[in-house]
Amino acid sequence: MPMEGDPTSLVKVAHLLFLSTAWGMQVWVTFVAGFVLIRGVSRHTFGLVQSKLFPFYFYAVLGCSFLNLALYAMYHLRELLSSGETLQISLFFVCMVLAAVNARWFSPTTSKVMLKMQEIEKEHGLGMEMASANDSRQNQKDAADQNFDYMFKLLIIGNSSVGKTSFLFRYADDSFTSAFVSTVGIDFKVKTVYRNEKRVKLQIWDTAGQERYRTITTAYYRGAMGFLLMYDISNQDSFNAVQDWATQIKTYSWDNAQVILVGNKCDLEDDRVIPTEDGKRLADELGFEFFEASAKENINVKQVFERLVDTICEKMNESLDANSSPTSNSKSANLSEAPSQQSSGCSC
């Protein structure tokens with residue numbers, strides 16, 4: 001029933017609020033939240049967040065559009081509408097219908113298809129790469145590149161907030177951000193390097209440190225050839241947890257997996273609570289090599305990964321030499337001579 005007179009100030013404010021909410025959410029979800037989120041999580045995680053967020057978003061747009069249309073119709077007689085006003089109401093109605101279709105049918109249907117595709121991709125080791133528009137092309141190129149001599153699966157493990165993700169980004173992309181975004185589940189990047197005259201493809205997995213993700217992350221231990229077990233030199237709890245992480249490696253990975261203990265954030269010398277000697281002593285007790293490093297200052301990041309790759313290559317050579325026969329005329333996959341031992345420690 002159309003109402004007589006001009007709308008009150010309260011009605012005008014409500015109309016403007018509903019309109020700005022509807023359009024503001026569309027701008028935020030499309031051009032702000034989407035671009036921010038896509039830089040911080042894996043492609044699969046980004047899809048899962050979208051599947052949870054979009055139904056709420058579509059229903060909110062639907063409700064705001066309906067209220068806008070109702071308020072407008074209350075104060076505008078249909079027979080007195082101008083062509084411009086008719087177009088405005090028509091656009092409101094179309095927006096409301098599209099939001100309803102998206103909320104009730106399109107979003108749930110696409111989410112089901114996405115989840116099925118994710119299951120297929122997981123079987124082929126895909127989908128956990130970062131979804132950032134800046135490096136997606138390079139990640140896809142590296143992941144699809146089959147021109148390599150060896151492929152090593154490496155894992156970075158340790159308590160939450162010790163800097164695992166920053167360490168991986170520094171090595172793979174030579175980038176660093178001080179903003180802390182907790183890894184959800186597991187993520188990975190691919191990087192191809194040349195070591196000992198061989199082209200080695202590294203599949204580096206960044207694991208979540210929280211206990212609630214432990215079942216997920218330990219499933220990825222199988223097949224890993226190397227681990228970076230990381231703690232924060234300014235966090236006693238992360239150092240105390242090293243023994244538990246080492247036990248998990250022995251429990252869930254293969255016997256010949258190589259491990260390097262990394263004391264990260266060595267740039268925080270004023271906040272240090274774990275002496276370098278304690279880290280070395282623990283590494284010796286566990287039979288691991290030891291480095292202190294800093295993702296922020298790019299200290300020993302490349303050296304840690306290179307040493308881990310070299311150690312894996314050395315073990316491969318030893319295994320091949322042990323299994324080779326003097327009378328065999330087959331071409332050996334032997335690597336070149338292993339490099340000399342690199343010095344551990346932090347240069348900061």
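The model is predicted, so local features need pLDDT of at least 70 and side-chain atom pairs count only at pLDDT 80 or more, while totals for chains, interfaces and linings use all residues. Residues are numbered from 1 along each chain as its sequence is written, and side-chain values use heavy atoms, leaving out hydrogens and water.

**Nonpolar cores**
- The largest nonpolar core has 29 residues, among which F152, F167, L202, L228 and F305 touch the most other members; such a core is a set of buried Ala, Val, Leu, Ile, Met, Phe, Trp, Tyr and Cys residues joined through side-chain atoms within 4.5 Å.
- Two or more residues each come from β1 (150-158), α5 (164-173), β3 (198-207), β4 (226-232), β5 (258-264) and α10 (301-323).
- Helix α10 gives the most to this core, with eight residues.
- Leaving aside residues up to four places away in sequence, F305 touches L154, I156, F167, Y171, I204 and L228 (heavy atoms within 4.5 Å).
- A second, separate core has 28 residues, including I233, F239, A283 and I299.

- In α8 (residues 242-252), V242, W245, A246, Q248 and I249 are buried (under 20% relative accessible area, with exposed meaning over 50%, 1.4 Å probe, protein chains only).

**Around W105**
- W105 sits in helix α3 (residues 83-123).
- W105 counts as exposed because its relative accessibility is 53%.

Notes: Helices (H or I, at least four residues) and strands (E, at least two) are DSSP runs, numbered from the N terminus.
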